[in-house]
Amino acid sequence: MTDDVLDRLADWQAGLRAQFPILTRNPDVAYLDSAATTQKPAAVLDAVTDFLTTGNANVGRGSYPWATATTSRIERARDRVRIALGDTTTGSSVEFVGGTSHGLRAVAQDWLADQLLDGDEIIVPFGDHEANLRPWLDMRDDLARGGIRVRIVAMPVDPASGDYDHRALPSVVTDRTRFVAVTHVHHVFGVDMNVHRVRQAVGPDVPICLDAAQSVGHRPVSVADLDVDFVVFSGHKMLALPGIGAVWARNRRGPRFAIRGWEGTPNTAGIVSMAAAFDWLDAAGTAEIGAWTSALTLRLTDGLARLPGVQVLGCQDSLTAESTVQRREALVTFRHRAVRSDDLGFVLADEGIMVRADGHCQAGRHSDDHAVRVSVHVYNIPGEIDRVLEVVRRCEGMSS
C-alpha cells in the first residue's frame, strides 16, 4: 500500500520537489526537519520579492496606490486563510500574529482571561508542545494575582498511544469547565489527536482552541468538520516565511476575538508569503500531500519496527505496513536503546541527513527524554527515508 502511493505520485512529487531552490542547490542534503520549519517553494519567494520590489508600502497608512494595494493584499490574505480552512461560516475573523506561540498567548490573554470567574476551570494538554501549555498557566497566574482563582485541569492521555483519552475526558468535565485547549497533530507522536471526540466529550457549549501548527499546510484542515472555536498556526511550518502566523476565530461561543492594544505595522511580507503558500498548496493538492507524507512516515516506521534496538514513540499498533490503525502524520520520533539521541543526530548530520534530536519542546520532558524526530513534507523522497534507516541499521551493528 505504501509503495503503491509512492509509485503513483512519484512524477507529481518530482515536479513539486524541483520547485524548492534550496533543495535543487543542495541535492545531497536530506532535509527531514519540516516539523520545525519547512522549506519554501519558488512561488512563495517570488511573491515576496514581487511585493517588496514593485509595491511595498505600509498597510492602512496611506491613500496612494502602493498603500491601498498593500491593504488589499492583507485583506485577500485573510480570505485566503478562511478558504484554506474550509470556512463557510459568517462572523468568523482572522488575525495575523507572529506565530503559533504568539497566537495561543493572544487567545489566553486577550480573549479568555476576561471571561473567567473565581472557581472556573479550563482543560489543557500537559504533554503537548510547551506553546500550548505555558500561555494557559501564565494566564492563571496573572488572574490569581488579581484574586481570581482558575483551576487548570490536565487533559487525560492514553499512555500507550499518546492520544487524548476520550473515555476518561468526560470524568474531568464539570459545570465550571469554561475552555479546552487541544492539539490537532501531536508534534512528537505524529498522530491526529481526534479532536472531534473532544467536542463530543465536553459538549456543545465549551469553546475549544486548536493548535494546528503541525496540520495546516500538511494535510486538509476543515473547520466545517472540526467544531472548534479557534485555529492557530504558524506560517513557517506551512511553506511561508518565519515570523507570521494566524488565529482563525469562529466568534460564536463568547465575544468576538480581537487582539488588544496597538499592534503597529504588521509583517506584510510574511502575510504575502502565507497567501502565496496557500495558493501553492492548493495547486499541489493538500490531500495528495497528506497521502505522500503519510506513506513516507509509514515506510520509516515499518523499517524501524524491524530493528530490535529502536523504540518508536507513540502508538505501537500503527508501525508496520500491515497495520490498520491510523498512520503518523508526516513525523516519526524514536530512540535507539544503545545510542544517545544527540549522538545519533550528529551521526545522521555527518551523512547529510538533517533531523532534530532533543526534547522537542514537549511539556514536562527533560534531557533523559531526548529523541530523534524525522519530519517530512512533500519535497522529501523515499530514498531519504532509506538513508535514515541505513544509518540506524549501522548503529544497530555497532551496539550489538
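## Exercises on burial, salt bridges and a pocket

The place of Glu329 is in the loop between β9 (310-312) and β10 (331-336), where helices (H or I, at least four residues) and strands (E, at least two) are DSSP runs numbered from the N terminus. The model is predicted, so that local features need pLDDT of at least 70 and side-chain atom pairs count only at pLDDT 80 or more, while totals for chains, interfaces and linings use all residues. Residues are numbered from 1 along each chain as its sequence is written, and side-chain values use heavy atoms, with hydrogens and water left out.

**Exercise 1.** Determine whether Glu329 is buried or exposed, and list its contacts.

*Solution.* Begin with the classes: buried means under 20% relative accessible area, exposed over 50%, and partly exposed in between (1.4 Å probe, protein chains only). Glu329 has a relative accessible area of 17% and is therefore buried. Next, take contact as heavy atoms within 4.5 Å; leaving aside neighbours within four places in sequence, Glu329 is in contact with Val185, Gly190, Asp192, Arg219 and Ser294.

**Exercise 2.** Describe the surroundings of Phe230.

*Solution.* First place the residue: Phe230 lies in strand β7, and, with a relative accessible area of 2%, Phe230 counts as buried. Then go through the residues that Phe230 touches, not counting those up to four places away in sequence; among them are Val107, Trp111, Phe179, Ile208, Val247 and Phe257.

**Exercise 3.** Find how many salt bridges the model has, and work through the pairs Asp114 with Arg260, Arg134 with Asp138, and Asp227 with Arg199.

*Solution.* The criterion is a side-chain nitrogen of Lys or Arg within 4 Å of a carboxyl oxygen of Asp or Glu, and by this rule the count comes to 30 salt bridges.

- In the pair of Asp114 and Arg260, the closest N and O atoms are 2.5 Å apart. This pair links distant parts of the chain, 146 residues apart, with Asp114 in the loop between α6 (100-112) and β3 (121-124) and Arg260 in the loop between β8 (245-249) and α9 (268-284). Asp114 counts as exposed at 58% relative accessibility, whereas Arg260, at 42%, is partly exposed.
- For Arg134 and Asp138 the N to O distance is 3.6 Å; both residues lie in helix α7 (residues 134-145), four residues apart, about one turn of the helix.
- Asp227 and Arg199 have their closest N and O atoms 3.6 Å apart. The partners are 28 residues apart, Asp227 in the loop between β6 (208-211) and β7 (230-234) and Arg199 in helix α8 (residues 195-202). Asp227 is partly exposed at 32% relative accessibility, while Arg199 is buried at 9%.

**Exercise 4.** State which elements line the largest pocket, and classify its lining residues.

*Solution.* Of the 22 residues that line the largest pocket, the closest to its centre are Phe96, Glu263, Gly264, Thr265 and Pro266, where a pocket, on a 1 Å grid over the protein atoms alone, is an open set of points where a 1.4 Å probe fits, with protein on both sides within 12 Å along at least five of seven lines, and lining residues have an atom within 4 Å of a point. The elements that give two or more residues to this lining are α5 (65-84) and β2 (93-97), and the largest share, four residues, comes from α5. With Ala, Val, Leu, Ile, Met, Phe, Trp, Tyr, Cys and Pro taken as nonpolar, Asp, Glu, Lys and Arg as charged, and the others, Gly among them, as polar, the lining has nine nonpolar, eight polar and five charged residues.
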